[in-house]
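I begin with a single residue and then widen the view.

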Amino acid sequence: MIRPHHFTPNAETALDNHFQTHTASDASSMAQAAHAEVTRAAEALQAVGVHVHLFDDEGTDTPDSVFPNNWFSTHSGGHVAVYPMYSPNRRGERRQDVLEMLKRDYRVQDIIDYSGLEQDNLFLEGTGAMVIDHLERVAYAARSKRTSEILLERFCTHFNYEPVVFDAVDANGKPIYHTNVLMCIGTDFAMIGLDSIPDAPRRREVAERLRRGERDIIELSHAQIADFAGNAIELQGRDGLVLALSSRALRSLDAEQRETLESHVSLLPLDIPTIEHAGGSVRCMIAGLHLSARTPQTA
């Protein structure tokens, strides 16, 4: 996780991220609120036994640094990927100290760096652009400016995933900028806004591919997607699996959806209203680690 000291919604990304919202808060109070939200979120995760690496960003040129899942991902077997970013002011989010920590604390076999492909206008913004099913070895991706199908194919070849690509739009018919806004895949469940996939045959194919994993499928409405219900992440806690999601996202779920989720995971709502103004939520804030630790870890 990255704790920003100068958080602000990113004007560059607002052009295609229609989940961003304007706020009347002044820059200083917004930055302080975001700093506090990340601090509390990290503490809440640690309290349930999730091991958190928290880095600070004191820079002023990286407004979206709170969303590190877009610039790197980790994979079992010791593999790490570094990604090309669509917006020029997001490219400074890549941090060598984070990669050095991974190599120091985890068994890293290789780091595949795709970031040089920015020069060729090829972009793939990590586990924002892709929602990865680590069990079935599938990478789901909604088409957007931030998801190059050419690079997705290359990634899937390198990391041994099956690509599943589709178009996705919000309630107003505008393309959804990141796949992880509309879907979340856990061990025994998947949440997805199927209505966001306008092509009916493709919608059925995506649903059928998800069901092959014998998961409970929880369908999300456009309104729930807008409240970031799909932007959640399953994590390993001290006493079992935890689903981290925002308080706003949890409020949007109905009783049946909550009951289904609670049959598989403990729900951990995190209060991050300031950060959600930037058009991302809890899933975007967490770069998950799928590497083997060199030594046993405690939260």
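1. Val50 is buried, since its relative accessible area is 7%; buried here means under 20% relative accessible area, exposed over 50%, and partly exposed in between, with a 1.4 Å probe and protein chains only. Val50 lies in the loop between α1 (27-47) and β2 (55-57), where helices (H or I, at least four residues) and strands (E, at least two) are DSSP runs numbered from the N terminus. From C-alpha to C-alpha, Val50 is 24 Å in space from Asp227, and the two are 177 residues apart in sequence.

2. Please keep the basis of these comments in mind: this is a predicted model, in which local features need pLDDT of at least 70 and side-chain atom pairs count only at pLDDT 80 or more, whereas totals for chains, interfaces and linings use all residues. Residues are numbered from 1 along each chain as its sequence is written, and side-chain values use heavy atoms, with hydrogens and water left out.

3. As to the overall form, the protein chain has 10 helices and 14 strands, and its C-alpha trace spans about 45 × 45 × 45 Å along the principal axes. The radius of gyration of the protein chain is 18 Å, which agrees with the value near 19 Å that a compact globule of 299 residues would have; this radius is taken over C-alpha atoms, and the globule rule is 2.2 Å times the number of residues to the power 0.38. Of the 299 residues, 54% are buried.

4. Contacts (heavy atoms within 4.5 Å) with a separation of 6 or more are, for 74% of them, between residues 24 or more positions apart. Leu102 gives an example: this residue of helix α2 (residues 96-105) is buried, with a relative accessible area of 1%. Leaving aside residues up to four places away in sequence, Leu102 touches Phe72, Thr74, Val80, Val108, Leu289 and Leu291. Arg294 lies 192 residues from Leu102 in sequence, yet their C-alpha atoms are 10.0 Å apart.

5. The largest nonpolar core has 36 residues, and those with the most contacts inside it are Tyr140, Phe166, Met183, Met191 and Leu243; such a core is a set of buried Ala, Val, Leu, Ile, Met, Phe, Trp, Tyr and Cys residues joined through side-chain atoms within 4.5 Å. Elements that each supply at least two residues of this core include β7 (138-142), β8 (162-166), α5 (200-211) and β13 (240-246), while the largest share, 4 residues, comes from β10. Met183 touches Val131, Tyr140, Phe166, Met191, Ile192, Leu210 and Gly230, again not counting residues up to four places away in sequence. A second, separate core of 25 residues includes Ala42, Leu45, Ile233 and Met285.

6. Asn121, in the loop between β5 (110-113) and α3 (126-129), has a phi near 60°, a positive value in a residue other than glycine, and it counts as exposed at 60% relative accessibility. Glu214, in the loop between α5 and β11 (216-219), has a positive phi of about 55° although it is not a glycine, and Glu214 is exposed, with a relative accessible area of 74%.
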